[in-house]
Amino acid sequence: MLVMKKIRSFRIIIVFSLLLIAGISTGFLVNQETRDFRIAKNLDVFFSLFRELNTFYVDEIDPDKVIKAGIDNMLKTLDPYTVYFPESEADEFAIMTTGKYGGIGSLVRNAGDYVIISEVYKGFPADKAGIKPGDLLKRVDGTSLKGLPTDKVSEKLKGNPGTDINVTIERNGKETEYPLKREKIVMPPVPYWGMIDSKTGYIRFTNFTQNCIDDVKTALLALKNNNAQQIILDLRGNPGGLLTEAVEIVNLFVAEGNEVVSTKGKVKQFDEDFKTTKQPVDEKIPLAVVINRGSASASEIVAGAIQDLDRGVIVGQRSYGKGLVQITRPLSYNTQLKVTTAKYYIPSGRCIQARDFSHPNEDGSVGIIPDSLISEFKTKNGRIVKDGGGITPDIEVLPAPLSQIALELFIRNYIFDFATNYYWAHPDIKSPEQFKFTDQDYSDFKTFLLNRKFSYKTSTEESLNELITNAKKEKYYDIHKDLFNDLENDIAHNLDQDLKMFRSEITDLIEDEIISRYFYENGAIAWTIQNDDQLLKARDILNNNEEYNSILKGTAGSILVTRKNDQINIKPENPQNIRNMEPL
């Protein structure tokens with residue numbers, strides 16, 4: 001009897017379990033069917049809406065333009081990094097994912113009715129033909145470029161490597177035709193490396209493209225052969241790229257078997273732990289990594305892993321704050337979708353992704369993060385580090401903004417145009433040591449501005465003008481006219497005085513531009529590191545063993561340094577891809 005009761009009870013448990021599982025399964029299927037129905041319904045509504053628009057709208061509709069706008073706005077409701085690439089942007093997508101394209105090796109920007117060559121890459125067709133920054137681009141293969149925007153001109157310059165192209169350049173009022181052959185353009189991920197003093201090696205690393213590890217490793221080994229006893233790795237303005245390359249870069253300085261980053265998302269097949277797998281080049285050499293707001297994604301993996309493993313000191317400015325992983329998915333008709341699939345976590349367990357996309361800085365980097373959205377984690381040595389908004393450096397060296405006049409001169413290309421004139425007036429400068437920007441040169445620059453009728457308004461003057469406009473609308477201006485006039489006189493700037501007051505930072509910008517004309521990007525980098533406060537601070541820390549070790553052990557107090565200006569360009573996102581996965 002007792003056995004029968006036990007059998008009956010066991011059967012009841014089995015039946016109840018089966019009913020429970022069936023109920024859960026049914027509920028899941030109902031929910032899934034409901035969700036599938038909602039998707040199908042809304043897609044049908046979208047199709048019906050477009051069909052009616054196409055039939056009855058008063059003007060002709062461009063289907064490519066309208067549909068892309070719809071897709072783009074749909075994706076904007078998700079995150080800033082889920083992006084659609086139509087077939088027309090296939091070439092651009094290929095460049096972003098490989099760092100390679102077929103072209104002449106130059107950059108262009110708008111300059112009135114035509115575009116102007118703004119930069120020439122050393123050793124590529126434009127450079128070998130003698131094309132220079134400042135040259136006006138008039139025609140491509142006989143077709144006038146007048147009125148075309150830079151993206152359309154860029155499309156005409158690009159093409160398959162080995163194809164011929166004829167460009168017509170205007171320089172100093174004279175037109176010249178240049179027959180060129182397009183080449184595969186591969187941007188070097190390490191545009192400069194060298195010794196900045198007798199024992200400090202420096203590597204400028206600008207992009208995590210495929211196989212960039214080879215360039216970084218080559219630079220590191222060469223520096224060690226030059227008796228470098230400490231290394232500065234400069235990741236400022238590096239927008240990131242391939243996650244796997246980031247792991248390889250960390251592996252140069254960290255022993256095998258250490259976790260560098262892990263990815264976690266909804267689709268479990270994309271969850272993965274990435275560890276160092278090789279013998280490092282040097283796991284003991286003192287290391288400083290320099291970052292700024294333009295250091296994003298894979299750059300943050302490297303800086304964050306080095307910080308979490310207490311392998312080196314991080315110097316500079318808080319990084320961009322992007323901890324999301326994307327994969328690229330091919331769609332129909334040669335279109336592509338770059339979609340966020342996971343978040344990445346560095347060794348301490350933190351994710352540096354800002355959880356709030358709604359309050360970014362102007363460059364898209366992380367703005368203010370409320371304390372309620374920040375959690376604390378610990379490094380290998382027990383130091384406190386935080387999540388939620390980029391990598392905070394161990395030593396902050398904050399950039400101070402350029403003066404209004406310097407910013408106006410740079411943005412409005414007066415410095416660029418003056419450098420063009422200077423280059424053609426001084427063709428005999430053969431080395432950076434021969435270059436010196438003299439008092440007479442600065443006087444010539446002031447004359448150049450006078451001839452160009454340069455003028456500008458400060459932000460204070462703009463604000464006062466707005467106040468006066470509103471006062472006139474509200475009929476307060478006439479009552480307080482004398483007060484407004486006094487204010488205008490008091491805050492009015494003096495151009496000569498501003499050129500004198502801000503001469504140092506204006507001269508720095510001019511020198512950078514001029515040096516790049518003669519010695520390209522690597523020459524400009526070599527020139528600017530002489531007076532780079534962030535690099536100099538990194539070097540000072542490396543030179544002080546006691547300070548360096550106290551930072552890594554967590555016994556040093558926080559240090560804040562304000563920089564006179566920050567001339568490192570913050571680049572836009574530059575997606576890369578490998579194994580269909582990248583962290584940008």
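**View 1. Confidence along the predicted chain.** The chain has a mean pLDDT of 85, and 84% of its residues reach 70 or more; pLDDT is the predictor's confidence in each residue, from 0 to 100. Over residues 562-584 pLDDT stays under 50, and the model has 108 contacts beyond four places in sequence for this stretch, a contact being heavy atoms within 4.5 Å. This is a predicted model, in which local features need pLDDT of at least 70 and side-chain atom pairs count only at pLDDT 80 or more, while totals for chains, interfaces and linings use all residues. Residues are numbered from 1 along each chain as its sequence is written, and side-chain values use heavy atoms, with hydrogens and water left out.

**View 2. The aromatic pair Y192 and Y202.** Rings of Phe, Tyr and Trp (its six-membered ring) pair if their centres lie within 6.5 Å; planes under 30 degrees apart count as stacked, over 60 as edge-to-face and the rest as tilted. The count comes to 16 aromatic pairs. In one of them, the ring centres of Y192 and Y202 are 6.1 Å apart and the planes are at 45 degrees, so the pair is tilted. Y192 belongs to strand 10 (residues 192-195) and Y202 to strand 11 (residues 200-204), ten residues apart; strands (E, at least two residues) and helices (H or I, at least four) are DSSP runs numbered from the N terminus. Y192 is buried at 17% relative accessibility, and Y202 is buried at 0%. Buried means under 20% relative accessible area, exposed over 50%, and partly exposed in between (1.4 Å probe, protein chains only).

**View 3. Surroundings of K138.** A salt bridge joins K138 and E175, with the closest N and O atoms 2.9 Å apart; the term means a side-chain nitrogen of Lys or Arg within 4 Å of a carboxyl oxygen of Asp or Glu. E175 is in strand 8 (residues 174-181) and K138 in strand 5 (residues 136-140), 37 residues apart. K138 is buried, with a relative accessible area of 10%, whereas E175 is partly exposed at 37%. Both belong to a salt-bridge network that links K138, R139, E170 and E175. The charged end of K138 also sits over the ring of Y114, 4.9 Å from its centre (NZ of Lys or CZ of Arg within 6 Å of the ring centre and within 35 degrees of the ring normal).

**View 4. The salt bridge between R539 and D197.** The closest N and O atoms of R539 and D197 are 4.0 Å apart. R539 lies in helix 16 (residues 533-543) and D197 in the loop between strand 10 and strand 11, so the pair ties together parts 342 residues apart in sequence.
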